[in-house]
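Here are a few notes to go with your first look at this one. Have the viewer open as you read.

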Amino acid sequence: MHKWLTALVFFTLISILSVPSAAGAVQPYESYNYSYWSEPVPAPAGYLPSKVHKGQDFGIGAMSTPQDLFVDDSGTIYVADTGNNRIIVWNSDWTLARVIKSFDRAGTADTFSHPSGVYATGEGILYIADTDHQRIVILNQQDQFVGLIEAPKSEVLSKNFTFYPLKVVVDEAKRTYVVARGVFDGIMEFDIEGRFRGFIGTNRVTFNVVDALWKRLSTQVQRDKMELFIPIEFNNVDIDAKGFLYATTGELNSIMPIKRLNPSGIDVLRRSVYDTPRGDVNYVSYGTIKGSSMMVDVAIGKYGVYTSLDTKRGRLFTYDNDGNLLFVFGKLGDQVGTFRNPISLAAYNDEIIVLDQGMNRLTVFSPTRYGRQVLEAVYAHYRGDDEISDAAWREALKYNTNLDIAYIGLGKSLLMKGSYKEAADNFKLGSDRASYSKAYALYRKGVLRAYFGPAVLSLALLAVAAVVINRWRKKQRTTFHSMNNVFKPIKQVFYVLLHPFKGYWELKSEKQGSVWIALTLLFLLTLTANIKSQFSGFVVNNLNPQKINSIDEIIYVVFPFLLWCGANWLVTTLLDGEGKFSEIVIASGYALIPIIITSVPLTIISRFITVQEASFYYFFDTLSYVCFAWLLFIGVMTVHQYTVKKTIMTSLLTLIVMGIIIFLFLLSFNLVQQVAVFISTVYQELILRW
């Protein structure tokens, strides 16, 4: 009994200690991050819900379809309670400060009509997007009327333009930026006097190529009925301390739904080495919740960290200043920490507040121990404090060994310290090829400097050995001459490489080629392809090591080769080709030699180069395929006794036939699969009924 009690106490303590800390919250969602190959990998929770606030908790009644949330520098929280035509204000400690339902305007009480946006400056001046009244209302700290920004008049606006402001922000120069409903030209800019100055950050027009072609072929009447190609409008905007605008669009499948606009309207948002900040990069294209993330807001935190809100799946994505994904948290649901319709968010003191329009409540998320370590590492790196950053990254890796950005952060710290080998190893773990190249170049330079003398001596000894072997070979010429017959087929392979026209003619007319040698070359190609995919250097190898399959590599080489030979035989049989199937196999097999002889040397070289030197690798790799195509072309022309023009035509027809064969194969496979499913279903029904 005593042992059981001890064990129970032990496991209870372990369970308590293992729960991430965020005010004792329970994790209501799965947390993950994305790998270099855009695959989700499990990760500890960076944030957990710590508080939930409703209007009823403060005696002001439930909120109704709230639209916007803002937190100023002092921690004061503002909510545009749209359905109730009011602005709710809380202090930083979540005590109710006031509820703004009306304001005095020249002695007359004025009210709001569906206010959709709210913003407060550092001086406490309040800007309210009074949507249905088509104006921006400006109030001072005492909620007294200061001014209005009303529907602008400008030549760049259409005559029937209607001003429905949705979101508003103000910069240090008192310029006002407004996101308005139905405005596709960008964010509207007003000067300190409230005069319209133009648009900033216009989105590009996106369209479907097929629709564009169809529209071009249609009549004018048909075009008038078609959907217009217009830019996507912004749906939200925020501003950072430097005056840069962070704007979001709800465009589906966009690779840039988040933008950071400078005063000229140019997007200067940094994108990471992995992907652009766009929410989920791996998603399903079917089901009730399909397609890419739909961003509706972005909140700016400290030191360049920002969080975007995906209303489609109720997820929040936190990025650092370089666009690296730090955390993913939240989801749709009814429990604490989940949402029905998240519409807006704000950040303050590392906490993130989310406004849920579906539940009419505010949820506060606080960082966990893991989240605090990651944020501390990012903040310290931004400040240039590499010692603190290094320690924080090491601590974060204890929670999550899949955190690539931690390895990159450690690599940068080690690089500054001069530990080039360790830095390169960490950059490799973080899949940062550019930084890896910098560290590896410095490490390689040190190694070459240390071993330059022995390397030169080794080369000199190799040169002497080559001279000695050459002289010995000349003395043994008779012996080597007797072995020529043994190596003649192999010599013919290289003779074809160096003298393709004459070599292929000898293969056809003098029957010096061999199907077995061609198949041996095909086997060598599969072998070198496997070596290349598995052992190529980090700089040039973008394959996921967990998904490399030797059998797949064999299929990808052997199947196209046999398909080419078969399709070419079918085409040339109909077009008076003189080549037999075996001759086509020989000609195609002998053409593989450039790829075979370059694969292993290039694989070895790739392990000692940097990104800047990779162009030489790609040049010779591409050259080997060009040589292969050239040899194959000459081989087909010689085997079938075609002209150049007819060889080109038959080669194109061969590729088309290959496509048809693949299509028929897939169609047959699909039909067989459907028949198998039908038979299986019928069998199960019969079993259940009997």
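1. The model is predicted, with local features needing pLDDT of at least 70 and side-chain atom pairs counting only at pLDDT 80 or more, while totals for chains, interfaces and linings use all residues. Numbering runs from 1 along each chain as its sequence is written, and side-chain values use heavy atoms, with hydrogens and water left out.

2. How many cavities of 30 Å³ or more are there? The count is two. A cavity here is a set of points, on a 1 Å grid over the protein atoms alone, where a 1.4 Å probe fits but cannot get out; lining residues have an atom within 4 Å of a point. Points are joined across faces, edges and corners, and volume is the space filled by probe spheres set on them.

3. The largest cavity takes up about 260 Å³. Its lining has 23 residues, and Asn33, Tyr34, Tyr274, Asn324 and Leu325 lie nearest the centre. Strand S1 (32-34) and helix H6 (404-417) are the elements giving two or more residues to this lining, and H6 gives the most, with three. (Helices are DSSP runs of H or I with at least four residues, strands runs of E with at least two, numbered from the N terminus.) By type, the lining splits into ten nonpolar, ten polar and three charged residues.

4. The second largest cavity holds about 50 Å³. Look for Tyr246, Arg260, Val268, Leu269, Arg270, Gly304, Tyr306 and Asn321 around it. That lining divides into four nonpolar, two polar and two charged residues.

5. Next, find the open sheet of four strands, ordered S4-S5-S6-S7 with antiparallel pairing; strands pair if DSSP finds at least two bridges between them. S4 (68-71) and S7 (96-100) are at the edges with a single partner strand each, so one side of each has no neighbour in the sheet. S6 (residues 86-90) pairs with S7 over four bridges in the antiparallel sense, and Ile88 has Val99 in S7 as its bridge partner.

6. Last stop: helix H12 (residues 500-509). Which of its residues are buried? They are Pro500, Gly503, Tyr504, Glu506, Leu507 and Lys508, where buried means under 20% relative accessible area (1.4 Å probe, protein chains only). Just after H12, Lys511 has a positive phi of about 55 degrees.

Key. Buried means under 20% relative accessible area, exposed over 50%, partly exposed in between (1.4 Å probe, protein chains only). On a 1 Å grid over the protein atoms alone, a cavity is a set of points where a 1.4 Å probe fits but cannot get out, and a pocket is an open set with protein on both sides within 12 Å along at least five of seven lines; lining residues have an atom within 4 Å of a point. Ala, Val, Leu, Ile, Met, Phe, Trp, Tyr, Cys and Pro count as nonpolar, Asp, Glu, Lys and Arg as charged, and the others, Gly among them, as polar.
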